[in-house]
Structure formats: C-alpha cells, structure tokens
Amino acid sequence: MKGIMEELSQRIEQLKSKLRDSRYIVALTGAGISAESGVPTFRGENGLWKQYRAEDLATPESFTRSPKLVWEWYNWRRQLIAPLTYNAAHRALAELEEKFPHFTLITQNVDGLHKKAGSKNVLEIHGSIWKVRCTACNHISENYEVPIKILPHCKMCGGLLRPHVVWFGEPLPPDVSEETQRALGVCDFLMVIGTSGVVHPVASFPYYARAKGAFVVEVNLERTPISPIAHETILGKAGEIVPLFL
Ligand code: BJW
Ligand code: ZN
C-alpha cells in the first residue's frame, strides 16, 4: 500500500512541476466530478441512462412530443440538485484558477456546482439546468424555481420555455463553442476530469488539444477512450486526486 501511495505522490509531484511550467491551463469536466456531491452520472451502474432512455428525454424530438414529460424529468433533477453542494474537486479547480492568470474551465455539467464553488471563467458547454430558453424568441433567463411550474411560458412573448441545455442532435451554443476552441487551441496543460469521453463533440476536445501541443492529464475511476492519448491517467476519485494538484 505504502509503495502505491509513494508512487502516486511521485507522479503527482512530476505533474505539478509540469503544471507550474504551463501558462494556459484548461480543465474539462464531466458528471464524475459531481458524483461525490451526490449528482447522478449518466452512464455506469446507477447512471441516469440506466433508468431512463436518453432518446425519450434528452432530444428536441422528445420535447416536441411531450414537453410535460421532459419538464417533469428536469423538475425531478432540479429538486435533486438544489440542496447539493460542491466538493473538494470543484473547490480545488476554483483555487487553481486563482493561481493561474489563464485558466479556463470547460464543463459538460449543467448542475452549476463549479460556479457555486467559486470558479469564474466557466464555459458551460451543455448549458445549465438553472437556465430556461424560449422556444419562440430564444430569450434566455436564469430560473431557480424548484419545482418550476409546468408548463412554463416566456415573460417576453408567451412562448413555451425549455431547459437551456444541449440535447442529442443539437449543436453546442456558438459563443461558448468558439471560446472553447480558442482555449483548447492555445492550452499547454489540459486536465480531463470525470468524463466517459463518449459524447461528441466534447469527446474529441482532448484529441484536438493534444494535437495542438497540450500535455493531457486524465482523472477518472476507470480508463476511457481519452486514456490512449493522455500523457497520464490517474485512476481515483476526483475529490481525492484533484486537490493534490494544489
Ligand atoms: C468519476 C467519479 C469520481 C464517476 N471521480 N471520476 C456516433 C458517433 C459520434 C457521434 C454521434 C454518433 N451518434 C450520435 C452522435 C452525436 C451525439 C453523440 O455523441 N452521441 C454518442 C453518445 C454516440 N452528440 C450530440 O448529439 C451532440 N450534438 C451534436 O453532435 O451536434 C451536431 C450538430 C452540428 C450542427 C448542427 C446540428 C447538430 C450533443 C450532445 C449533447 C449531450 N447532452 C447530454 C445531456 C445534457 C443535458 C442534461 O444534463 O440534461 O449531456 S447527454 C449527457 O452526456 C450529458 C453529459 O454532459 C454528457 C457526457 O457525460 P459525462 O459527463 O461524460 O458523464 P458519464 O456519466 O458518461 O461519465 C461519468 C464519468 O465519470 C465516467 O467515466 C466515470 O468513470 C467517472 N466517474 N465518478 C472521477 N468520483
Ligand atoms: Zn419568448
């Protein structure tokens, strides 16, 4: 056991020295970083997609077919997430941002926990469960009602509101997407934390950053399709591993 711990701390020391020598840092996070806060992940044993069919709930077609069903599912998740708070991994990333002038956090998570933890330069590329968008006029607003009144309507035009999240078959929001490309293109140290790396286009981001010269470190409970191109994969819980980078 001691041998394993020593080996881990040696590897982390080497990575920290690499991090200290870097200027443009990007952290890319997925559902795994919020798992220790109590937010269910999508895939795996107790994942959301084990209980529900993604195509019934997370596609524009399912919303057109049954906005009530989709809103009920989001209300259930809003209720579940509202009392939860950030964990040591979210906090560690917020602290890293304070230490590095060029630190970008790209998250696929819609739970808002990175911002709660104090991260500022956050790109929520799959949107936010705490935002709604009008299906008629596209107006976006924050909404923290739990539960939200079904069906919610736009204050500006009366149109039907939808969750401001990215469903399957939808493009990433163009402004966030541009910022993401820019950050990945110049990044010299990329940390990929708690994502299964199977959902595109995000799954290709580590490949892109690496091709552009980034050093890639992955933190996950298990190996993923990102592992083959990562310079290092540290297997472990994000809440335990990420704070070691401070
Ligand atoms: C821990 C841990 C701990 C646990 N510590 N680690 C075939 C090939 C390629 C692409 C496609 C294809 N067929 C269809 C597509 C496209 C599709 C796609 O990628 N599908 C694949 C699944 C096959 N992608 C899309 O449709 C995207 N849009 C698109 O492609 O648009 C094209 C277009 C262009 C122009 C015009 C029009 C269209 C959009 C994808 C949107 C994904 N949306 C969701 C729902 C968001 C809203 C919501 O939450 O309600 O996003 S799906 C879901 O998956 C969610 C997540 O952000 C995303 C990624 O999941 P994530 O974060 O990786 O979580 P998990 O659960 O998968 O993994 C958790 C990981 O953590 C695991 O690895 C654990 O081991 C680890 N872990 N605990 C560390 N404590
Ligand atoms: Zn509207």
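Entry on ligand 1. Before counting neighbours I wrote down the rule that a residue is near a molecule if one of its heavy atoms lies within 4 Å of it. I also noted that this is a predicted model. With that rule I found 33 residues surrounding ligand 1, and the closest of them are Arg 43, Tyr 74, Arg 77, Gly 169 and Ser 196. Sorted by class, this shell around ligand 1 holds 15 nonpolar, 12 polar and six charged residues.

I then looked up polar contacts of ligand 1. The side chain of Tyr 74 has an N or O atom 2.5 Å from an oxygen atom of ligand 1, while a polar backbone atom of Gly 32 is 3.5 Å from an oxygen atom of the ligand. For a nitrogen atom of ligand 1, I found a backbone N or O atom of Ala 238 at 2.9 Å. Ligand 1 taken alone exposes 1500 Å², of which the protein buries 73%. Helix H2 (32-35) and helix H6 (67-81) are the elements that give two or more residues to the shell around ligand 1.

Entry on the zinc ion. Which residues coordinate the zinc ion (ligand 2)? I found the SG atoms of Cys 134, Cys 137, Cys 154 and Cys 157, at 2.3 to 2.4 Å. The angles among the four donor atoms run from 99 to 115°, and the site is tetrahedral. Along the chain, the donors of the zinc ion follow the spacing C-x2-C-x16-C-x2-C.

Entry on the backbone. Asn 138 is not a glycine, and yet I noted for it a positive phi of about 70°. Asn 138 lies in the loop between strand E4 (127-134) and E5, and its relative accessible area of 51% is why I list Asn 138 as exposed.

I also looked for cis peptide bonds, and I recorded one that joins Ile 150 and Leu 151, with omega about -10°. Leu 151 sits in the loop between strand E5 (140-142) and strand E6 (161-165). A cis peptide bond also joins His 200 and Pro 201, where omega is about 5°, and I placed Pro 201 in the loop between strand E7 (189-193) and helix H10 (205-211).

Conventions:
Residues numbered from 1 in each chain as written. Chains lettered and ligands numbered in written order. Predicted model: local features only at pLDDT ≥ 70, side-chain atom pairs only at ≥ 80, totals over all residues. Heavy atoms only, no water. Donors = N, O, S within 2.8 Å, 3.2 Å for Na, K, Ca; no water. Tetrahedral: all angles 85-135°; square planar, octahedral: opposite > 155°, others 65-115°. Polar contact = N/O pair within 3.5 Å; in protein donor to acceptor, adjacent residues only side chain to side chain. Areas by Shrake-Rupley, 256 points an atom, 1.4 Å probe, with all protein chains shown as cover. Helix = DSSP H or I, 4+ residues; strand = E, 2+ residues; numbered from the N terminus. Nonpolar A, V, L, I, M, F, W, Y, C, P; charged D, E, K, R; others polar. Buried < 20%, exposed > 50% of the residue type's maximum accessible area, 1.4 Å probe, protein only.
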